[in-house]
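Here is a short report on aromatic pairs and nonpolar cores. Please keep the sequence and the model in view while reading.

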Amino acid sequence: MASPKKGFELLFRKYYTNLCNHAIRYVYSKELAEDIVAEVFTNFWNNKVYETIAISYRSYLYTAVKNRSYNCIKQELNRNENILDAHLDSAGCESQPVLRPDEILHFHELNKKIEQAIQHLPQQSRKAFQLNRLEGKKYAEVAVEMKLTVSAVERLISRALSRIRNDIKQGYFLLPLFLFV
């Protein structure tokens, strides 16, 4: 690409919405997700990160959004713990924190298991699953991109979901939420 600015604009238009959807998986707030994606793109442009990327831009952006989302969750957890500690010191009694650490830990453990299960999928299934469930593309769009029929994409995603369910322990009640959101 002759102009980095033009390339940046194309990347932004192509990935902004999907990256926001990706961030929502972690932070469960549209506004915060949009802020995270905006920060990633701002950093990408202002620090000229695009000049040093050795992997694909897409891969970098998705990883950066995921990492930034995790950092936001950690900051929120630390902030809530500090608020709780201050409240306990002043009130002398226990109260319910806004975010419970065990819930966040459970979320991270489940997310790791899901990510591992996705990585163990056959390549075609993994690609179809990621395009549909993680990037929000419709079956027809996935079919065009992968040069398959819509029914073939449906089968690949169905098999992927089945394998992911089998790879995850039955005790995780949040699994349907992650797979079907």
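Predicted model: local features only at pLDDT ≥ 70, side-chain atom pairs only at ≥ 80, totals over all residues.

Residues are numbered from 1 along each chain as its sequence is written, and side-chain values use heavy atoms, with hydrogens and water left out.

**Aromatic pairs**

Rings of Phe, Tyr and Trp (its six-membered ring) pair if their centres lie within 6.5 Å; planes under 30 degrees apart are stacked, over 60 edge-to-face, and the rest tilted. By this rule there are nine aromatic pairs. Two of them are tabulated here.

| Pair | Centre distance | Plane angle | Class |
|---|---|---|---|
| Tyr 15 and Tyr 62 | 6.4 Å | 85 degrees | edge-to-face |
| Phe 44 and Tyr 57 | 5.9 Å | 85 degrees | edge-to-face |

Helices are DSSP runs (H or I, at least four residues), numbered from the N terminus. Tyr 15 lies in helix H1 (residues 4–27) and Tyr 62 in helix H3 (residues 57–91), 47 residues apart. Phe 44 is in helix H2 (residues 30–46) and Tyr 57 in helix H3, 13 residues apart.

Buried means under 20% relative accessible area, exposed over 50%, and partly exposed in between (1.4 Å probe, protein chains only). Tyr 15 is buried at 9%, and Tyr 62 is buried at 10%. Phe 44 is buried at 1%, whereas Tyr 57 is partly exposed at 35%.

Tyr 62 also has a charge over its ring: the charged end of Arg 58 sits 5.1 Å from the ring centre. The rule asks for NZ of Lys or CZ of Arg within 6 Å of the centre and within 35 degrees of the ring normal.

Phe 44 and Tyr 57 belong to one aromatic cluster, with Phe 8, Phe 12, Tyr 16, Phe 41, Trp 45 and Tyr 60.

**Nonpolar cores**

A nonpolar core joins buried Ala, Val, Leu, Ile, Met, Phe, Trp, Tyr and Cys residues through side-chain atoms within 4.5 Å. The largest has 25 residues; Leu 19, Phe 41, Phe 44 and Leu 61 have the most contacts inside it. H1, H2 and H3 each give two or more residues to this core. Apart from it lies another core of 19 residues, including Phe 129 and Ile 168.

**Helix H7**

H7 (residues 150–167) has 18 residues and reaches 26 Å from first C-alpha to last, close to the 26 Å expected. The expected span is 1.5 Å times one less than the number of residues. Its buried residues include Ala 152, Leu 156 and Ile 164.
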